[in-house]
Amino acid sequence: MSGKKGIHFGGGNIGRGFVAEFLHNSGYEVVFVDVMDQLIETLQKTPEYTVTEIGPDGETKFTINNYRAINSKHEMEKVIEEIATADTVTCAVGPNILKFIAAPIAKGINARKKSEPLAVIACENAIGATDTLRGFIEKELDEDTKKNIKDKARFANSAIDRIVPIQPEGSGMNVMIEKFYEWCVEAKPFEPSSPPDIKGVHYVEDLQPYIERKLFTVNTGHATAAYYGHNRGKQYIHEVLEDKELHDIVQNVLKETAHLITQKHDHISTEEQQDYVQNIVKRISNPVLKDNVERVGRAPLRKLSRKERFIGPAAHLAEMGESYQKILGSIEMCLRFQNVEGDEESAELAKKLKSMSAKEATQDITGLEPSHPLFADVEKLVEKVQGESK
């Protein structure tokens, strides 16, 4: 089949409901790649599925078709062949899985059959995810390809923002997703050519402000609501934000991160950031999303890591000599997210807190050096949580 082709690693809800929707609406054939047998088999047997966008003003439905699905566990050669003739490679697999998808992408780049370079864009909740993926890919490239990499592939970081709640029972391949979205991608890596023509993507000169604003507002606010909500026995995020005390806590945490964002990025005004914050709080308060507290809170170890939504902004603020007291509350509540059913990291967090000293656990979990101005305050919280769980 002629026309544009996009390979997408990860057949989950973000892959099917966000990335594939944009590619499909831009005229791409989408090839899903995953290792989950049942998921791939279902996609192969399902010629189309529906994406339902939900917002305060009701629902909009889109039909997604013109896709194929390959199981990379059993048909790696096919995956490599598809990449060799593709226009784009995207992924939504989770930052920890990037190293596993690098080898087939590298082999596909080595075997490139198209004259135009392949556009590689990681769609992960992590700063510089495409750079990370590129690092793994380059280890697998042959020497000739490495020398002429710009002719073979272009790598662009991106910032994505869209809430996918827990799906209704019996949804099959259909995806329910919020109407709001933001997908910003670096424009510079594609110069002097044009970037891929994907409707809805916002190409920007400098991605850093967009990534930090999103991570330190949407993710920090969402996770704060989840961890405080879990601690208070709430089931859904909108219930957390209906509680005035918890609503104010989330707002106060976001005042600290807003201060950081406007200090670091001159072109984002206080007023603009304030509007952005209120828009985010409104979005995550939407009862139609029925966003489960445990879903949003899962993977606490990743969320407590050095560049993530709590330690990242708190460390910046500590280095600037500014207040981060409210974020400390979020960190404490995240440390309390232990042994939650269905979440391996919450069990791992409990083990670490039980088996290590406060200093060791602080270093291990957060990646902070003991000399960092934030370290002592986080160590106190770790000690407090350890003391209460004995």
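**Close-up 1. Lys 290 in a loop between two helices.** Lys 290 lies in the loop that runs between helix H11 (270-284) and helix H12 (293-297), where helices (H or I, at least four residues) and strands (E, at least two) are DSSP runs numbered from the N terminus. This is a predicted model, in which local features need pLDDT of at least 70 and side-chain atom pairs count only at pLDDT 80 or more, while totals for chains, interfaces and linings use all residues. Residues are numbered from 1 along each chain as its sequence is written, and side-chain values use heavy atoms, with hydrogens and water left out. Although Lys 290 is not a glycine, its phi is positive, at about 40°. With a relative accessible area of 48%, Lys 290 is partly exposed, a class that falls between buried (under 20% relative accessible area) and exposed (over 50%), as computed with a 1.4 Å probe on protein chains only.

**Close-up 2. Asn 339, another residue with positive phi.** Asn 339 is a residue other than glycine, and its phi is positive, near 50°. Asn 339 counts as exposed, because its relative accessibility is 55%.

Close-up 3. Pro 192 itself sits in the loop between strand S11 (182-186) and strand S12 (202-204).

**Close-up 4. Gly 297 and its contacts.** Gly 297 belongs to helix H12 and counts as buried, because its relative accessibility is 0%. When residues up to four places away in sequence are not counted, Gly 297 touches Ala 226, Tyr 227, Lys 303 and Phe 337, where contact means heavy atoms within 4.5 Å. Gly 297 and Tyr 227 are 70 residues apart in sequence, and their C-alpha atoms are 6.2 Å apart in space.

Close-up 5. A search of the whole structure finds one cavity of 30 Å³ or more, a cavity being a set of points on a 1 Å grid over the protein atoms alone where a 1.4 Å probe fits but cannot get out. The largest cavity has a volume of about 70 Å³, which is the space filled by probe spheres set on the points, with grid points joined across faces, edges and corners. Its lining residues, which have an atom within 4 Å of a point, include Glu 124, Ser 158, Ile 211 and Asn 219. Strand S9 (158-161) and helix H8 (208-231) are the elements that give two or more residues to this lining, and the largest share, four residues, comes from H8.

Technical notes
1 Å grid on protein atoms, 1.4 Å probe; cavity = no way out; pocket = protein on both sides within 12 Å on 5 of 7 lines; lining within 4 Å.
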